[in-house]
Amino acid sequence: MKFIDEAKIEVAAGRGGNGAVSFRREKYVPRGGPDGGDGGRGGSVFAVASENVNTLVEYRFVKRYQARNGEKGHGSDRYGAGADDIELQMPVGTLIRDADTGETVADLTRHGQRVCLARGGKGGLGNIHFKSSVNRAPKQATPGEPGEARRLNLELKVLADVGLLGMPNAGKSTLIRAVSAARPKVADYPFTTLHPNLGVVRVSESQSFVMADIPGLIEGAAEGAGLGHRFLKHLSRTGLLLHVVDLAPFDEAVNPAAEALAIINELRKYDDELFDKPRWLVLNKLDLLSPEEAAERKAAFLAAIGWAHPAPGEPDFDWQTPRLFEISALAHQGTQELVQQIGQYLAEKKRLAAAEAAEQAETLPETPAGMSTDTSVFKAE
């Protein structure tokens with residue numbers, strides 16, 4: 001299936017049914033009075049996050065989604081039926097924005113999350129509601145309210161714990177193949193990866209994480225050069241970035257240090273928050289070099305990029321401390337050590353987040369005696 005991460009759609013809720021004007025006319029009932037029922041509610045349009053959907057391709061072909069109108073009211077106190085709602089299944093990680101105002105309508109971040117995109121109109125009132133002591137035969141009813149309609153921009157940002165970035169042919173796809181069951185295309189030419197690939201990496205029987213491989217970046221990606229600029233947004237939801245660098249390029253004119261600095265600059269230009277994410281350095285394809293040549297290239301590379309290696313004795317999980325790994329993804333050298341370090345980092349990060357949440361909960365004021373703690377009335381749909 002083709003990977004689609006952007007789409008534009010229109011949604012329109014149904015109109016409420018009109019109220020009815022009717023009077024009871026039955027044999028042996030001389031004073032029937034008004035009996036016009038209300039109109040039914042128009043159908044609404046909802047977005048539902050689903051882990052069973054991986055792309056927005058469906059919304060590239062069907063652009064408009066219209067809910068049905070509510071049924072009009074009838075006599076004999078019969079109310080019109082409400083219309084069924086429409087539920088649009090979208091991938092977890094979809095960001096929904098109003099195309100006209102730019103307002104964020106919803107950010108679908110968990111499976112089963114349900115958000116109303118367009119609310120159906122209320123049904124009109126029948127004349128049964130207008131009778132009074134001075135108006136015993138009302139002939140007025142109200143029409144149903146129109147449903148909401150809006151144009152929406154859908155943007156999918158994949159959810160992953162770890163994101164891979166690097167120049168084309170740096171070995172990102174080979175790395176994700178080496179540590180997970182994902183099987184992205186691998187070839188000896190640039191831009192073999194044309195869409196993000198996700199792989200589940202197993203650390204142990206009880207721990208795993210999701211790794212995302214995006215198309216390779218080139219200088220100018222933040223302004224639209226190459227393919228990677230369309231996929232930089234997918235890295236914004238990751239908790240850790242692995243900057244994969246090819247230390248043994250086939251073209252001797254290629255300068256790995258200059259390419260690495262160019263990518264770092266693209267991250268800074270694209271988004272400061274993305275640039276500030278924890279980022280580890282992974283030197284790849286060292287199996288193609290002799291130990292002496294590998295050590296020489298590594299030293300020259302680190303000096304050129306101004307690498308500050310952590311000093312001995314620093315905390316193992318200092319969030320601000322970058323890390324350096326030397327691997328060969330093709331030969332599976334150093335990949336398991338990398339996986340184990342990532343697993344430890346994510347586990348520690350989760351532990352610290354839980355401790356911080358618990359500390360904040362302790363500082364909250366206690367609920368006064370007799371006051372209900374049920375906040376369900378404040379929960380969004």
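Eleven salt bridges are counted in this structure, which is a predicted model.

Glu 155 and Arg 97 form a salt bridge whose closest N and O atoms are 2.9 Å apart. This pair links distant parts of the chain, with Glu 155 in strand β8 (residues 149-156) and Arg 97 in strand β5 (residues 94-98), 58 residues apart. Are the two partners buried or partly exposed? Glu 155 has a relative accessibility of 18%, so it counts as buried, the limit for that class being under 20%. Arg 97 counts as partly exposed because its relative accessibility is 29%.

A second salt bridge joins Lys 285 to Asp 246, and here the closest N and O atoms are 3.3 Å apart. Lys 285 lies in the loop between β13 and α5, whereas Asp 246 belongs to strand β12, so the pair ties together parts that are 39 residues apart in sequence. Lys 285 and Asp 246 are both buried.

Arg 297 and Glu 293 meet through their side chains in a salt bridge, at 2.9 Å from N to O. Both residues lie in helix α5, four residues apart, which is about one turn of the helix. Arg 297 counts as partly exposed because its relative accessibility is 32%. Glu 293 is partly exposed as well, at a relative accessible area of 30%.

Which order do the strands of the open sheet take? Six strands make up this sheet, in the order β10-β11-β9-β12-β13-β14, and their pairing is mixed. At the edges are β10 (197-202) and β14, each of which pairs on one side only. On average, neighbouring strands of the sheet are turned by 25° against each other, direction ignored.

Strand β9 can be followed residue by residue. Strands of a sheet pair through backbone hydrogen bonds, either parallel or antiparallel. Strand β9 (residues 162-165) runs parallel to strand β12 (residues 240-246), and four bridges join the two. In this pairing Gly 163 stands opposite Leu 241 in β12, and Leu 165 stands opposite His 243 in β12. Three bridges join β9 to strand β11 (residues 208-213), also with the strands running parallel. Here Gly 163 stands opposite Ala 212 in β11.

The side chains of this strand come next. In a regular strand the side chains alternate between the two faces of the sheet. From β9, Val 162 and Leu 164 point one way, while Gly 163 and Leu 165 point the other way. All four of these residues are buried.

Helix α3 lies across β9, β12 and β13 (279-284), and α3 runs at about 155° to β12. Helix α5 packs on the sheet as well, touching β12, β13 and β14, and its direction makes about 150° with that of β13.

How do these two helices meet? Two packed helices are described by the angle between their axes and the distance between the axes. For α3 (residues 256-270) and α5 (residues 291-305), the axes come within 9 Å and cross at roughly 35°. The crossing of α3 and α5 is right-handed. On the α3 side the contact involves Pro 256, Ala 257, Ala 260 and Leu 261, which meet Phe 301, Ala 304 and Ile 305 in α5. By class, the residues of this contact divide into seven nonpolar, no polar and no charged.

The last topic is the backbone, where two loop residues deserve a look. Most residues other than glycine have a negative phi, and most peptide bonds are trans. Asp 77 has a positive phi, near 60°, although the residue is not a glycine. Asp 77 sits in the loop between β3 (64-66) and β4 (86-91), and counts as partly exposed because its relative accessibility is 42%. For His 332, phi is again positive, at about 60°, in a residue that is not a glycine. His 332 is placed in the loop between β14 (324-326) and α6 (335-363). At 48% relative accessibility, His 332 counts as partly exposed.

Note on methods. Residues numbered from 1 in each chain as written. Predicted model: local features only at pLDDT ≥ 70, side-chain atom pairs only at ≥ 80, totals over all residues. Heavy atoms only, no water. Buried < 20%, exposed > 50% of the residue type's maximum accessible area, 1.4 Å probe, protein only. Axes fitted to C-alpha atoms, helices over the stretch in contact; angles between N-to-C directions. Left-handed = near helix turned anticlockwise from the far one by under 90°. Contact = heavy atoms within 4.5 Å. Nonpolar A, V, L, I, M, F, W, Y, C, P; charged D, E, K, R; others polar. Pairing = 2+ DSSP bridges. Salt bridge = Lys/Arg side-chain N within 4 Å of Asp/Glu carboxyl O.
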